[in-house]
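Biologist: I am new to this structure and would like to know what stands behind the terms used for it. Could we take them one by one?

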Amino acid sequence: MLVLPLLAFILITFVVPIGQMLQRSFYNDGFSAHMPGISQWFAENPRGSEPNDAAWAALADDLLASAEARTIGVVGTRINYDVPGTRSLFTSTGRKVRKGIEPPYREALLEIDEDWGDPRIWSAMRDASRPVTSNFYLAAVDRTRAEDGSIEQVAPRQRIYVMLFMRTFWLSALITVLTFVLGFPVAHLLATLPMRKSNLLMILVLLPFWTSLLVRTTSWMVLLQQQGVINDILVWLGVIGGGQRLQMIYNQTGTIIAMTHILLPFMILPLYSVMRTINPSYVRAARSLGATSWTAFRRIYFPQTLPGLGAGALLVFILAVGYYITPALVGGSSGQLISNMIALHMTDTLNWSMAAALAALLLGSVLVLYWLYDKLVGVDNLKLG
Amino acid sequence: MLDNTSGDAFVAFEHVQKSYDGQTLVVKDLNLSIAKGEFVTMLGPSGSGKTTCLMMLAGFETATHGEIRLDGRPINQVPPHKRGIGMVFQNYALFPHMTVGENLSFPLEVRGMGKAEREARVKRSLGMVQMGAFANRRPAQLSGGQQQRIALARALVFDPHLVLMDEPLGALDKQLREHMQFEIKHLHEELGITVVYVTHDQTEALTMSDRIAVFNDGRIQQLATPNQLYEQPENSFVAGFIGENNALPGIIEALEGDKAVVKLADGGLIDATAVNIRERGQKTTVSIRPERVEFKPEMMPPGAHSIEAEVLEVVYMGDILRTRLLVAGSDDFIMKCRNTIGQTRLESGQKIRIGWHPQDARALDPV
């Protein structure tokens with residue numbers, strides 16, 4: 001009973017908004033709700049049928065009604081997602097239609113704007129005539145529907161999402177490996193050093209963890225930029241010439257360095273909590289049984305850290321896959337991740353359906369990874385602390 | 001008893017010292033030699049240095065000073081994995097991510113032994129501890145006693161000549177512990193291995209060992225067979241640590257050879273055997289085992305001194321009557337009377353005279 005307020009809170013602030021957002025990825029009635037006549041006509045006539053007089057009449061009626069109801073913008077926005085630059089076609093036509101339109105409607109509409117004859121517009125309107133659509137998901141994997149309804153790849157220079165997904169997963173995997181390589185020895189030290197020293201080390205690990213993400217990211221900007229601290233030192237030491245300053249930020253390198261640093265505690269802490277529970281007598285036993293220190297580490301110690309490693313790797317990877325602020329600030333163009341694209345659609349293009357589709361794909365792939373992890377390692381073995 | 005010259009000893013500690021911080025010595029001038037096939041127990045309270053000695057022998061600690069030899073070879077610089085010493089740990093230290101079979105196979109694998117021979121040896125070792133059916137279990141699926149057996153089998157599977165055991169039975173219940181004591185002893189005799197055993201449980205030490213080294217304060221207080229240790233303790237610490245003991249402080253009144261007369265705090269005189277005292281007038285602590293105290297005049301040797309005592313409490317324990325007495329101002333003097341048919345039943349408040357054979361009372365260093 002006492003958890004009911006929390007449940008309600010989670011439901012209202014978490015489940016419902018996310019559910020609504022995800023719904024947008026496959027459900028958008030911006031066209032169908034405000035253009036019922038032409039939507040009806042699309043439903044009755046199969047794909048590929050030429051628009052007849054009834055179709056043109058329904059379109060003109062709908063445009064008029066929508067313009068009167070001031071919803072023509074919404075309709076235009078919906079078509080604009082599929083055929084960029086068409087929002088104004090709807091709004092301007094709407095204005096003109098309100099001044100009066102006479103049959104024959106086909107000629108009248110083409111008179112207003114000859115784009116109404118464009119089969120792409122008709123194809124897009126047909127796609128949008130049903131509120132449930134897979135178009136956003138297709139777009140999220142660089143696919144689109146051809147005029148005949150078949151699925152095809154978009155033009156090569158528009159193929160960005162698949163590449164961004166690949167880059168996101170690749171960089172996340174790389175960052176996970178880097179945090180492991182850097183974090184494992186630190187966690188081991190934390191677990192084995194005497195109390196005083198390990199407490200000090202723990203503070204060193206946690207201090208950046210408690211510091212604002214933005215502060216840490218901007219401090220990397222100070223360090224890594226071309227006129228930054230590291231380049232200055234390298235030039236001063238004579239390692240590189242003044243003209244060969246390294247480009248370490250506003251590209252992938254920047255994203256990797258900054259994200260590895262920021263996500264490091266998420267690897268160290270689960271590893272540490274597992275390592276602390278490993279009795280040193282295991283390694284001693286292995287040594288007394290004839291194993292060299294390396295064998296004892298590889299066969300006895302390391303396997304026992306796997307639950308922590310699994311937890312750390314899963315945490316770091318999942319956080320990295322959805323990371324947004326750091327790549328946005330230090331990533332330049334080559335260091336952008338898929339979440340930056342989602343943010344773009346949320347805030348700039350206002351194509352929330354597209355953002356939702358990308359986010360759903362991201363969520364889906366993380367769930368698949370989690371499922372794989374469960375199959376391979378077993379979630380029961382996960383130790384977060 | 002084996003002598004202390006370490007020329008042909010299997011394991012020898014020579015003037016070994018150990019300090020962790022460079023100031024206080026945890027082990028002070030340790031000399032110990034162990035013969036091949038011997039079962040030697042290091043017994044002592046916690047912090048007495050016994051475990052440190054074992055760890056130095058295993059190679060997990062380095063001696064600050066002195067030399068440790070195994071089979072005539074100095075091993076101070078030999079890393080643990082090259083010493084070929086089997087070890088049973090206090091918490092068993094069975095590898096939790098491996099099955100019982102893999103645990104036993106591990107020391108053979110790291111020695112590069114072939115699969116067929118490994119399997120044969122693992123099977124033989126498991127048979128030795130009657131655990132043949134458990135090869136595919138995980139340690140977590142076994143009971144404490146079973147884990148103990150596996151730990152034992154693992155320490156023996158690669159045929160070490162020396163096996164170290166660090167309080168291996170500490171986590172078991174009493175009954176199982178007694179059973180395992182017997183089994184370990186049995187294995188030791190059967191295999192002819194040398195065992196160095198660490199415990200703080202004196203009963204365990206007395207039942208299992210050929211010789212016991214009693215540790216306190218970083219030194220061996222006495223190294224002797226169990227019965228010597230019990231009957232002829234050489235100092236007050238050993239007398240107090242092994243078995244139940246009555247300690248009476250006093251001053252040496254007369255000394256002739258090893259026969260001493262001791263004057264107690266209340267002026268009473270008792271007979272004792274002088275052990276580590278040298279002269280008249282010296283302070284001493286007289287140690288008497290409770291079962292050697294007599295209160296019937298006919299049981300005391302003629303001419304022996306007797307002193308007054310008051311019965312404070314009689315506890316009926318079945319086989320014995322444990323009687324607490326007020327003697328020379330101390331109220332925790334214990335006398336154990338056998339519960340025989342003709343035994344006189346004492347009442348509390350009763351005044352009696354007690355005495356003993358002079359060789360049973362040992363005048364030791366003052367506490």
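Biologist: What makes S11(B) and strand S12 (residues 259-264) of chain B a pair?

Modeller: This is a predicted model, and in it six bridges join S11(B) to S12(B). Pairing needs at least two bridges, so with six bridges the strands S11(B) and S12(B) count as paired. They run antiparallel. One of the bridges sets Ala254(B) against Val261(B) in S12(B).

Biologist: Which residue takes a positive phi in the hairpin of S11(B) and S12(B)?

Modeller: Gly257(B) does, with phi near 65°. Two residues lie between the strands of that hairpin.

Biologist: Why is strand S14 (residues 283-288) of chain B also called a partner of strand S11 (residues 246-256) of chain B?

Modeller: Six bridges join S11(B) to S14(B), and the cut-off is at least two, so S11(B) and S14(B) pair. These strands run antiparallel. Ile251(B) has Lys283(B) as its bridge partner in S14(B).

Biologist: How do you know that domain 1 of chain B and domain 2 of chain B are in contact?

Modeller: Residues are in contact if their C-beta atoms, placed from the backbone, lie within 7 Å. Four residues of domain 1 of chain B meet that condition with seven residues of domain 2 of chain B, so the domains are in contact. On the side of domain 1 of chain B, the residues are one nonpolar, two polar and one charged.

Biologist: How is chain A divided?

Modeller: Chain A has domain 1 (24-123) and domain 2 (161-381), with C-alpha centres 50 Å apart. Their contact takes four residues from domain 1 of chain A and seven residues from domain 2 of chain A. The side of domain 1 of chain A in that contact has one nonpolar, two polar and one charged residues.

How values were computed: Residues numbered from 1 in each chain as written. Chains lettered and ligands numbered in written order. Predicted model: local features only at pLDDT ≥ 70, side-chain atom pairs only at ≥ 80, totals over all residues. Helix = DSSP H or I, 4+ residues; strand = E, 2+ residues; numbered from the N terminus. Contact = placed C-beta atoms within 7 Å. Nonpolar A, V, L, I, M, F, W, Y, C, P; charged D, E, K, R; others polar. Domains from an automatic or database assignment.
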